[in-house]
Amino acid sequence: MVASWVRHAIWWQVYPLGFVGAFPASASSEPPGSGEHRLRRLVGWFDHAIELGASGIALGPIFASRTHGYDTTDHYRIDPRLGDDADFDYLVAEAQRRGLRILLDGVFNHVGVDFLRYRKARHNDASARWFRGRPGRFDTFEGHSELITLNHNNREVVDYTVEVMAHWLGRGADGWRLDAAYAVPQAFWSAALPRVRERHPDAWFVGELIHGDYAAAVDAAGFDSATQYELWKAIWSSLNDDNFFELDWALQRHNDFLSSFAPLTFIGNHDVTRIASRLENPDHLAHALVILLTVGGIPTVYAGDEFGFRGVKEQRYGGDDAVRPEFGSPPMQLDAPGARVWALHQYLIGLRRRHSWLHAASTTTLRLDNRHYVYQTRRGDDALLVALNIDDALLRLVLPELGIKRAQVLAGSAAPPREVVDTVVVEPHGWRILSPA
């Protein structure tokens, strides 16, 4: 049974090491020391997250590592570049004081080369059994020689993972994003997660899945949710290619997922090119955000996207740096386009919070062609009508022809009046959200 608080969850995602300037260290400065307590800088942004409309902070890796955080050295230790246990406790206390949830990023598929068991593995058979392969030829994650794959068939590894997750939940975290969950045998998760839930029944677990049968994986592993990469790709690809058929297909799949779990939805995160850089037409950023916040699931906004930040992920060493920048102290100084993006996020997230039933809503297509997409999103008696136009011409909708007598305009481009209508005209590259009357 998924905790009731999840129905209202909207995450603001942060990659802490980059956000506070702890990784990568500037070539012109010394690497961050262990006494700088940089984790506390995040607390200064908590009020911003609340102004955005978020209900929780989804943190990237914060545990001891050598480089980017996904090469964990010690799961029980806060990365000294960020701070220490006292800094974590302060962060949790300040989040709880504001009513914000905390989601941690757990890497249990692999560890870094400084992980103590790995350092002992060459000369200690018991330690060697913690890893897949054999000394001198241990398996690595996706060809990264510094990421050593754990042996998930070893009961000690299961026990270790259970204790780590329970430890930090006991310290005030609310859930875990399980990194590279797709690479871990599902039997491992199904053995570990119930034991953690016994101690922390309100905890929430989301597996990082990229491709495949999400619903089957969630069921077999015992996750509460999974990262919805299919929908992420369909959103920007449909807008760039003038092909709403791709989005419609993804939303049909999304409906299937929603019958058993609420996926974690997003249009940006720490691993992908920012949506403002991905979209070929800047006017379509609004369309992407409208889709994210009017379909079922648990929405996530990646820090900086709410300001219209740009950044391209590249497949090279340091290729993530552009999408993981350092943030200064709030408030952010915005130019006019940035202020518009910020205002749009605030409004649409506010609309989402006023319609919390959208968490489990499914969509029905009412009109579909390459450049026009009209869908109804519904949960029981509650419904919204969404019209998207990425054509150079007006889109005219006669609502009775779509099976809807009349509807009230809630939001849209060109600041439409909040009136009850039976006909809707959406300007070129515009959008509308309506409530059937």
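This is a predicted model: local features need pLDDT of at least 70, side-chain atom pairs count only at pLDDT 80 or more; totals for chains, interfaces and linings use all residues.
Local features require pLDDT of at least 70 and side-chain atom pairs count only at pLDDT 80 or more, whereas totals for chains, interfaces and linings use all residues. Residues are numbered from 1 along each chain as its sequence is written, and side-chain values use heavy atoms, with hydrogens and water left out.

Rolling a probe the size of a water molecule over the atoms shows where empty space is left. Here, three cavities of 30 Å³ or more are found (a cavity being a set of points, on a 1 Å grid over the protein atoms alone, where a 1.4 Å probe fits but cannot get out; points are joined across faces, edges and corners, and the volume is the space filled by probe spheres set on them).

The largest cavity holds about 170 Å³ of space. Its lining (residues with an atom within 4 Å of a point) comprises 17 residues, of which Gln13, Arg177, Leu264, Asn269 and Thr300 are the closest to the centre. At least two lining residues come from each of strands E1 (11-14), E2 (56-59), E5 (101-106) and E14 (264-266), and E5 gives the largest share, with three. Strands (E, at least two residues) and helices (H or I, at least four) are DSSP runs numbered from the N terminus. By class, eight lining residues are nonpolar, six polar and three charged (Ala, Val, Leu, Ile, Met, Phe, Trp, Tyr, Cys and Pro count as nonpolar, Asp, Glu, Lys and Arg as charged, and the others as polar).

Turning to the second largest cavity, its space is about 50 Å³. Gln13, Tyr15, Phe19, Arg274 and Arg324 are among the residues that line it, and E1 and helix H1 (16-19) each contribute two or more. Seven nonpolar, two polar and two charged residues make up this second lining.

Note on methods: On a 1 Å grid over the protein atoms alone, a cavity is a set of points where a 1.4 Å probe fits but cannot get out, and a pocket is an open set with protein on both sides within 12 Å along at least five of seven lines; lining residues have an atom within 4 Å of a point.
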